[in-house]
Amino acid sequence: MNEILYIYKKNRYLRMGTIMVGFLVLVAIFAHVIAPFDYDEANRDVRLEPPSSDHWFGTDEFGRDVFSRVLYGSRIALRVAILGVSIQVLIGVTLGLISGYFGRVTDQIVSFLADLTWSLPPIIMSMAVISIIGKGLDNTIIAISVVSWAQYARVVRAKTSSLKNMAFVETALAYNESHPSILFRYILPNTIPSIIVLVSLSIPNTIMSTTALSFLGLGAQPPSPDWGLALSSSILYLLNAPWLAVFPGIALVYTVFAFNLLGEGLRDLLDPRLRAR
Amino acid sequence: MVIDIDNVTKSFRVGSGFFLQGRKKIFALDEVSFHLRENEILGIVGESGSGKTTVARCILALTGIDEGRIEIHGDDIQSASRQKRRELRNHFAIVFQDPAANLNPRQRVKNSIMRPLILKGVSQKEANKKAVEAMEKVKLDARYLQSFPHELSGGQQQRIAIARALVLEPDVMILDEPTSALDISVQAQILNLLLDLQEEMKMSYIIITHDLNVIRYVCDRVVVMYMGRVVEIASMKEIDENPRHPYTRMLLESSPVLDPRDRENRDIQEIGEAKYIYNPTSCNLVGRCPHESDICSQARPPLEEVQDDHFVACFLQK
């Protein structure tokens, strides 16, 4: 316990990151309590009103409360973070473990696929995937994840191939440990610190990419309170009603910044060697 | 005979680049033959790259071999079925060099020690009991069972690695540089512990090391290896008093002398760098040997018994 307190005292990034992400999570959980209006509650009398005491962040072209919509948007952001990263971890870690442990042809195939997905711009690739599986928020998340698992595969592969030659793995093989058991009892637990760091560092990217696709109209569909969608529909009113763009934009920057801080902090804590990259 | 190694050759393909890949062969073991007797401490000594660790990995069938036979109590482990191989491996325990790398850093000591037993089908309770016993044997307090490896010192970690090896009650312990990562006083403790255990549990040891002082202190017989070949096999006493192979002599001379007054009497020969170039038609020591003659670069010296239980691979010893 003291150790944890000490770490928090020393590591400023981790401290700030935890507080900011914690705040975001609380907002997402209690959005329905905090928000004064429902996110799709339209009121024709107050269309495009600037921020006031009734509508803190103003109202949009349908008279919906921007403040409430931004709050509900945090739920979507977290959904993107959790779902997207889970898919990436599942694909990336599995392939990384397999290619690092078995090597040879498996490794060459996986490394080739990883390099291939990494060499193409993720947004373009995801658009291609979406054109196959159809648009919508969840499909967008899937598309983004399918093209961005490569960094997990790379890190886990490198870790695995160095771990598999360690004495404790050889010893385990000598007393007849099976290969799946070697992977799950000996190698995977030792890669977890790096995976945690990668997770918190890839959340901002995933959120940004999904937002970009929503902005292009491929992701979340109206009347969803998604921030990317809000930015997209604010363009028409940018000069008359800038609050439509400013507040979802700030929320987005805040979220990305929060996860980045957390990631940097965790990296310093768990895997200082990754710092060079 | 516990282990009988007969004419084992193991090569690795090396080479970088797309076209050169696998073109070059390096012989990690080249026609290696020796055996391990019951209740014997056998030392394998040689410089780095001489194939010492590869021998250990081949004996356990952790890696395949190109030619030859490795028999454990008369059964060939390399060509055995998976089931049989598993059974044969149960005769062994292995302890590697680096104490920190010997234990899974994410597992408590207790789980590391109990794991081999559980794999063998021993119940959790029984395994727990044996783990406590093993800790007693290596003279460590049982409270360390709850620790993680990084909380322990190098000497303690190595004791735990030995404890894990002991729980299986092996016939043979393979110790790959068991002490080289430890400081001198701890080395002595570990070696004494190993000697006591060997006497108590009637095991054989294969001790792989480059440290001649370790060999002198514990071994009954010594196998000297150079560039994947066995150059001399004899009892420790014979090696010390009557080394026959020029390489063994060089090795003995290069070992540090503990008494400063003796140091002046040493006659250190100027020897060249090792040339790791595989040449199937000459002695590997050509270019480094002070007694070279014509025949040395024309044929390879076979390992022959020059005296009772003293084998040497050198033309000059005939």
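**View 1. B:Ile174 and its bridge partner in strand 8 of chain B.** In this predicted model, B:Ile174 has B:Ile206 as its bridge partner in strand 8 of chain B. Strand 7 (residues 172–176) and strand 8 (residues 204–209) of chain B pair in the parallel sense. Five bridges join them. Two strands pair if DSSP finds at least two bridges between them. Strands (E, at least two residues) and helices (H or I, at least four) are DSSP runs, numbered from the N terminus.

**View 2. The open sheet of chain B.** Eight strands form this open sheet, in the order 6-7-8-3-9-10-12-11. The pairing is mixed. Strand 6 and strand 11 (304–307) of chain B are the edge strands, each pairing on one side only. From one strand to the next, the twist averages 20°. Angles run from 0 to 180 degrees between N-to-C directions, with axes as lines fitted to C-alpha atoms.

View 3. B:Gln107 sits in the loop between strand 6 (92–95) and helix 3 (109–119) of chain B. B:Gln107 is buried, at a relative accessible area of 11%. Buried means under 20%, exposed over 50%, partly exposed in between (1.4 Å probe, protein chains only). B:Gln107 touches A:Arg185, B:Ser112, B:Phe148 and B:Pro149, leaving aside residues up to four places away in sequence. Contact means heavy atoms within 4.5 Å.

**Confidence and conventions.** Chain B has a mean pLDDT of 82, with 90% of its residues at 70 or more. pLDDT is the predictor's confidence in each residue, from 0 to 100. The model scores ipTM 0.78 and pTM 0.79. Residues are numbered from 1 along each chain as its sequence is written, and chains are lettered from A in the order in which they are written. Local features need pLDDT of at least 70, side-chain atom pairs count only at pLDDT 80 or more, and side-chain values use heavy atoms, without hydrogens and water.
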